[in-house]
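My notes follow in the order in which I looked.

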Amino acid sequence: MDIKELYKRYEANPIITTDSRNCPPGSIFIALKGESFDGNRFAKAALEKGCSYAIIDNKAYGDPTDERIILVDDALLTYKQLAREHRRRFPIPVIGITGTNGKTTSKELIAAVLSKKYNVLYTEGNFNNDVGVPKTLMRLTHEHEIAVIEMGASHEGDIRKLVEYAEPTCGLITNVGRAHLEGFGSFEGVKRTKGELYDYLKTNDALLFLNESNDDLVSMAKERNFERIVSYGQSTTANVQGEMTGCAPFLNFHWRSNDAEWQTVETQLVGAYNLDNMLAAVAIGLHFGVSPADICDALVTYTPSNNRSQLTQTPNNSLIVDAYNANPSSMAAAIDNFRVMEVERKMAILGDMRELGATTDEEHQKVVERLEAGDFQNVWLVGENFAKINTTYRKFQNIEEVKEELQQHPLKGFHILIKGSNGTRLFELPDFL
């Protein structure tokens, strides 16, 4: 079926569901597949529960006599094409965001700033893959005045596919670092993939928000000969300049646009590495006409969630919970920030970094060496990757061993950095600390 014809059916039934357990009347079920499930198997059940149509890509589950079952070559591709068709109905600014670290935090900050003036659609949580991006685009309504779309990648070509459906009118890369090396193959592969956003922006004469403090990003922009740039960073030549004024433990900074007066912001975010994320939000807010006062208010009142740069105070300890994910660049930034933080009795509980391929042992060794250069009273390492590293630091095979130790020997009076890949489940530790 032609995508425009399919979109007409969507207009008459404007609810998309990919979950056969959630089939409201007048919705369209799209049968997606994963490693452990096949949505085609539940198409008929979705119709019985109330869906008007079911889009499948396996004819074994079809029924030539039932016009409600629509057979396509690839259900996921159809979902993305439908999302692009929907996105094209809204001539509003669409800001595309990708990067190795800070994507979600930057997205949240940018949305908070823009919400001071606009009705903003933005990616919920970290729905930033080839299922999450179309899901976000399908939420667009005529009430929205601007959109902020987060895009993630774990293999070369991932960003190129996403921008083809999101069609951003401007965008930024937060940074490029050593993550998902198993999929990218190398750091150069990371830069090529993240740079696919730059490729799209350049081809479409779109605006680039550039972190001028990041040499890799500056070089990548120069390679593409960008003409439309709004720069931000900690350099005196950036359009939006910023300087950290404190981090004990919350980030404080001031900023100014060109030669205007300095604006002071005291945030509720932990980590000097969040300065660039803050400045990106400032630059985008200014470009879209948000007042300096409203920008500062949005950044001051923003509270992190989802285990990202959160300061959690328990009856026994102060916790810096950054346990949503970890890669070599974000781990280094977290350790370096913790090292200079003006607090006493520092302890680190770090979990394995995943998806690093052949560099796994080397990168975990570098983390240990970075820890040894710091002044930490206690360090615990969790996971099979850290278990291979030669160090005097205490090691635990898994999160359950850590919990058992904490139950038998509770900790008290520490400032504790908790960071690791999501699979290590370190986010479960605050209840035991």
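**Strand pairing.** I count two strands as paired if DSSP finds at least two bridges between them. Helices (H or I, at least four residues) and strands (E, at least two) are DSSP runs, numbered from the N terminus. On that basis I found strand β5 (residues 94-98) paired with β8 in the parallel sense over 4 bridges. Ile97 has Leu172 in β8 as its bridge partner. On to β9: β8 is joined to β9 by 2 bridges, and these strands run parallel. In that pair I noted Gly171 opposite Leu208 of β9.

**Basis of the numbers.** The model is predicted, so I took local features only at pLDDT of at least 70 and side-chain atom pairs only at pLDDT 80 or more, while totals for chains, interfaces and linings use all residues. Residues are numbered from 1 along each chain as its sequence is written, and side-chain values use heavy atoms, with hydrogens and water left out.

**Confidence.** pLDDT is the predictor's confidence in each residue, from 0 to 100. I read a mean of 92 for the protein chain, with 98% of its residues at 70 or more. Confidence is lowest in helix α7 (residues 181-184), at a mean of 70, and highest in strand β6 (residues 120-122), at 98. Where pLDDT is low, predicted coordinates should not be read in detail.

**Faces of β8.** I use buried for under 20% relative accessible area, exposed for over 50%, and partly exposed in between (1.4 Å probe, protein chains only). Side chains in a regular strand alternate between the two faces of the sheet. In β8 I found both faces covered: Cys170 and Leu172 are buried on one side, Gly171 and Ile173 on the other.

**The open sheet.** I then looked up a sheet of 4 strands, which is open, parallel in its pairing and ordered β1-β2-β3-β4. β1 (16-17) and β4 (69-71) are at the edges with a single partner strand each, so one side of each has no neighbour in the sheet. Inside the sheet, strand β2 (residues 28-30) and strand β3 (residues 53-56) run parallel and are joined by 3 bridges. Ile28 stands opposite Tyr53 in β3.

**Cores.** A nonpolar core here is a set of buried Ala, Val, Leu, Ile, Met, Phe, Trp, Tyr and Cys residues joined through side-chain atoms within 4.5 Å. Which residues touch the most other members of the largest core? I found Ile149, Met151 and Tyr198, out of 46 residues. Helix α8 (residues 187-203) gives the most to this core, with 5 residues. A second, separate core has 37 residues, among them Val148, Leu275, Phe288 and Leu299.

**Tyr198 and Leu210.** I count a contact when heavy atoms are within 4.5 Å. Not counting residues up to four places away in sequence, Tyr198 touches Ile173, Leu208, Leu210, Leu217, Met220, Ala221, Arg224 and Phe226. I looked up Leu210 next: Leu210 is in strand β9 and counts as buried because its relative accessibility is 6%.

**Positive phi.** Glu167 has phi near 45°, a positive value in a residue other than glycine. I placed Glu167 in the loop between α6 (158-166) and β8 (170-173). Asp205, also not glycine, has a positive phi near 50°, and lies in the loop between α8 and β9 (207-211). Is each buried or exposed? Glu167 counts as buried because its relative accessibility is 17%, whereas Asp205 counts as exposed at 52%.

**Cysteines.** I searched the whole structure for disulfides (pairs of cysteine sulfur atoms within 2.5 Å) and got 0. Cys247 is in no disulfide, and its nearest cysteine sulfur, in Cys296, is 18 Å away. From the Cys296 end, that distance of 18 Å to the sulfur of Cys247 is too far for a bond. Cys247 is buried at a relative accessible area of 12%, and Cys296 counts as buried at 9%.

**Helix α4.** Helix α4 (residues 103-114) has 12 residues, and I read a span of 16 Å from its first C-alpha to its last. That is close to the 16 Å expected at 1.5 Å a residue, where the expected span is 1.5 Å times one less than the number of residues. I noted α4 as mostly covered, with 11 of its 12 residues buried. The buried residues include Lys103, Glu108, Leu109 and Leu114.
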